[in-house]
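Trainee: I would like to learn how to read a structure like this one. Please take me through it feature by feature.

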Amino acid sequence: MANQDKPAPMKVGANTMSFMWKTSAREALETLAREGYRCFEVMAQRPHFDPFMDRAEALAFARFLRDAGLTVETVNLPSLDQNLASAAPEMREYSVRLFERLVAIAETIGASAVIVVTGRVNPLIAPARPDLEGWFADAFARVLRAAERAGVHLLLENIPMGVYPRADQLIGFAERIGSPRVGVCYDIANAHFIGEDTAEGLRKVQSRLGIVHLSDTGRQAWRHDPVGEGSCDFAGFGAALREIGYAKTSMLEIVSEQPIPGIVRSHQKIVQWGWAPPG
């Protein structure tokens, strides 16, 4: 009876961030598949995965996934060359078009969601809050219209330099928008770095939680290190996920010069806290 009552291990996938400047997304997925991974989050960054690829290229990638028995669950646009909360209308326009293209690609390759960071805020001298929130809301609304037409979800991520870095801010914005296509991507390292209680953060966003990101960091420098190299509370995080009945994917988003050892070792460590083993 005890074994029957034991909760099922939580699903684990792999993000391709560590491969972003090294190989194509296809090569990264093939490498990770040899380690037993089947579910992925792909970083949409040239030359790794082109967010402006045409439909023929997207269809070819979809065929590769189908033939290999792999799934890209989410597509993640790194917050490098775009900003939905920029003070410059031209940058917001470019960023909206970039996300609209990514939504179309996600639909074509069968990804259920696109990760959206809530803009980038200058930590030294930021614009006024009403301006930042207005710029982001207007730009996001345009991306959301494309997502609703395509049947793709938008998952807002808690990025430290975003307009909404905290769990209560993310869920507050999502609830104000009200669309069932808007959810939350909750990243343990991002939350821990800004001093947030990660288990409590999960409870706040649980009603719209679409995916979680796993990596480690301390609080002096923002990192996405292999699990065990920082001070994140994975035991408490795993317990909170089980408490709220989370049954979706936990995506390992490790940044390491040695991607496979970093990802696999991290995966092996989290098994003790309720996640499914590798393979």
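Trainee: Which side chain meets that of Glu257 in a salt bridge?

Mentor: Side chains of opposite charge can pair when their charged atoms come close. A salt bridge here is a side-chain nitrogen of Lys or Arg within 4 Å of a carboxyl oxygen of Asp or Glu. Glu257 pairs with Lys22, at 3.6 Å from N to O. The two belong to distant parts of the chain, 235 residues apart: Glu257 is in the loop between β8 and α10, and Lys22 is in the loop between β1 and α2. Before going on, note that this is a predicted model, in which local features need pLDDT of at least 70 and side-chain atom pairs count only at pLDDT 80 or more, while totals for chains, interfaces and linings use all residues. Residues are numbered from 1 along each chain as its sequence is written, and side-chain values use heavy atoms, with hydrogens and water left out.

Trainee: Is Glu257 buried or exposed?

Mentor: Buried means under 20% relative accessible area, exposed over 50%, and partly exposed in between (1.4 Å probe, protein chains only). Glu257 has 68%, so it is exposed.

Trainee: How many salt bridges does the structure hold?

Mentor: The structure holds ten. One of them joins Glu175 to Arg208, with the closest N and O atoms 3.2 Å apart. Glu175 is in helix α6 and Arg208 is in the loop between α8 (198-205) and β7, so this pair ties together parts that are 33 residues apart in sequence. Arg208 is buried at 15% relative accessibility, whereas Glu175 is partly exposed at 42%.

Trainee: Where do Arg203 and Glu200 lie?

Mentor: Both are in helix α8, three residues apart, which is about one turn of the helix. Salt bridges with shared partners join Glu200, Arg203 and Glu243 into one network.

Trainee: Which side chain of opposite charge is nearest to Glu73?

Mentor: For charge, Lys and Arg count as positive and Asp and Glu as negative, while His and the chain ends are not counted. Glu73, in strand β3 (residues 71-76), is buried and has no salt bridge; the nearest side chain of opposite charge is Lys11, 5.8 Å away. Contact means heavy atoms within 4.5 Å. Leaving aside neighbours within four places in sequence, the contacts of Glu73 include Cys39, Phe40, Ile211 and Met251.

Trainee: Why is β2 called largely enclosed?

Mentor: In a regular strand the side chains alternate between the two faces of the sheet. Five of the five residues of β2 are buried, so the rest of the structure largely encloses this strand. Cys39, Glu41 and Met43 are on one side, Phe40 and Val42 are on the other, and all are buried.

Trainee: Which way do β2 and β3 run when bridges join them?

Mentor: Two strands pair if DSSP finds at least two bridges between them. β2 and β3 run parallel and are joined by five bridges. In β3, Asn76 is the bridge partner of Met43. The chain goes from β2 through α3 to β3 in a right-handed β-α-β crossover. Right-handed means that, with the strands pointing away from the viewer, the path from the first strand over the helix to the second runs clockwise.

Trainee: Which helix lies between β7 and β8 in their β-α-β unit?

Mentor: Helix α9 (residues 234-243) does, and the unit is right-handed. β7 and β8 are parallel, with three bridges, and Val212 has Ser250 in β8 as its bridge partner. Six of the six residues of β7 (residues 209-214) are buried.

Trainee: Which residues of helix α2 are buried?

Mentor: In α2 (residues 25-33), they are Ala25, Ala28, Leu29, Leu32 and Ala33. Down the axis of α2 they fall within an arc of 135°, so they line one face of the helix. The arc is that of the directions from the helix axis to the C-beta atoms. Their cover includes β1 (12-15), β2 (39-43), α3 (55-68), β3 and α10.

Technical notes. Helix = DSSP H or I, 4+ residues; strand = E, 2+ residues; numbered from the N terminus.
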